[in-house]
Amino acid sequence: METLLIVIFVLGYLAITLEHNLKIDKLIPALAMMAVLWALMAFGIDGFSGWFDSTKHALLENFGALGHEEKMHILEETLLHHLGKTSEILVFLLGAMTIVEIIDYFDGFATIKTFVKTRSKKRILWIFAFLAFILSAIIDNLTATIVLISILQKIVKERNARLWYAGLIVIAANAGGAWSPIGDVTTTMLWIGNKVTTVKLISYLLVPSLLCMLVPTFIASFLPAFKGEIESDASEPSKSKFGAKMLYLGLTAIVFVPIFKTVTHLPPYVGMMLSLAIVATFAEIYSSSKITISSVDPESDAGSHHSPVHSALTKIELPSILFFLGILMAVAALESLGLLFNFAEGLKQGMPLLGTEIAGTQISDLVVILLGIGSAVIDNVPLVAASLGMFSETMDNPLWHFIAYSAGTGGSMLIIGSAAGVVAMGMEKIDFFWYLKKIGWLAFLGFIAGAICFIGMRYFF
């Protein structure tokens, strides 16, 4: 049965990658794969001998000896657990996308366009790369990607050129998220799990992560795609009196989310909903003022009731949300059977240890690098969850920091290998194979450069 489930996952994965060849939207195989995997698990529940407890990051003992009803209860609880965790991401994503659309409703991004004076494609590349690297560490790589691609769409009108920028933004955002405890889901997992501390994480990973961003950006700056200048339309003024105010309010609200999480210890989506409520309140006040927002067509539905929130919600990319739901829940199915845990454990046992003795701990660099590469194919969250059960090293051991780096940046090698990549794929309709051919090798070079830097720093410092 496990073999059948893996085959279905591979076929579904192929259907997603061949979206343009099959002429089928990627959300369809993602949702079908999710439903079929969980249905087969329910039908064959009595034939499974192992089960992975995601809450404890370990395999359940004596699962095979349990009765049918007990196994079904565990399956339902596991399904609910993963749906809850996935929904946290989706609700967070919906909130961030809505705030971005509200800013756009007031034409707030025109304010940023006025700051970008240069028309040079190469300089714009570096501006967005550093913005992605810094913002992702503050507001997480997912939100940073949404914000920057939204801004990019206002500055770079040519779609082919914009695809290149979006690909480099994904690399930079994932690199920036790796050195911050709130920059990526996996680093947050290690931080909350008392495996890393903020100071040590930054000191160990800032330089390798920076190198992971700089190498591909530097190489890309010499490619033909970034030669010349973009078409000039940055002089177009904001059509709304409140554009700048809504831009600063919206970005401040997003930055507030990790602060809210740190203070309350609640999941990030709770803070995002509060931020959305605040932004929406000001948006409603401004839209109902005596000043008419000329950017809203009075004959449209949005113009008829002057509701920025309603207008923003109609522009949300729901296909991307559903695709995200399908792919995450499909991976969760494989995780629940312990397949991902066994895969990670097999890497640990089967590969030669290339690390050296550091503070009494043997570290396998090759295993961690392979986990990073594997995170481009399989979601990095369950792989990191498996590593939490695989290794017993103490807090701030270099192993945990290397895992944080590898899992956080390795996903950049494939467009569906990270949350930032999935969002970029949905917002810009990026083709899987285009990204693999044009961007994947740049991401790989950056990943390896950062990994070598980390190993070197660990040996000498």
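Lysine 429 is partly exposed, with a relative accessible area of 43%; the classes used here are buried (under 20% relative accessible area), exposed (over 50%) and partly exposed in between, with a 1.4 Å probe and protein chains only. The model is predicted, and local features need pLDDT of at least 70, side-chain atom pairs count only at pLDDT 80 or more, and totals for chains, interfaces and linings use all residues. Residues are numbered from 1 along each chain as its sequence is written, and side-chain values use heavy atoms, with hydrogens and water left out.

Although lysine 429 is not a glycine, its phi is positive, about 55°. Lysine 429 sits in the loop that links helix H20 (419-428) to helix H21 (432-438); helices are DSSP runs of H or I with at least four residues, numbered from the N terminus. Aspartate 107 also has a positive phi, near 60°, in a residue other than glycine. The loop that holds aspartate 107 runs between helix H4 (68-105) and helix H5 (109-115). Aspartate 107 is buried, at a relative accessible area of 16%.

Another positive phi, near 65°, belongs to histidine 265, the residue that follows helix H11. Helix H11 covers residues 243-264, 22 residues in number, and spans 31 Å from its first C-alpha to its last. That value is close to the 32 Å expected at 1.5 Å a residue, where the expected span is 1.5 Å times one less than the number of residues. A kink of about 30° lies in H11 at valine 257, shortly before proline 258; the bend at a residue is the angle between axes fitted to the seven residues ending there and the seven starting there. Both valine 257 and proline 258 belong to the buried residues of H11, which also include Gly243, Met246, Leu247, Gly250, Ala253 and Ile254. An α-helix has 3.6 residues a turn, so residues three or four places apart point the same way.

At the surface, Ile6, Val7, Val10, Leu11 and Leu14 form a nonpolar patch with about 410 Å² of accessible area together. Accessible areas come from the Shrake-Rupley method with a 1.4 Å probe, and for residues only the protein chains shown count as cover. Patch members have over 30% relative accessible area and no salt bridge; like charges are joined within 9 Å, and nonpolar side chains (Val, Leu, Ile, Met, Phe, Trp, Tyr) within 5 Å. A salt bridge is a side-chain nitrogen of Lys or Arg within 4 Å of a carboxyl oxygen of Asp or Glu. Valine 10 lies in helix H1 (residues 2-17) and is partly exposed, at 40% relative accessible area.

Conventions:
Helix = DSSP H or I, 4+ residues; strand = E, 2+ residues; numbered from the N terminus.
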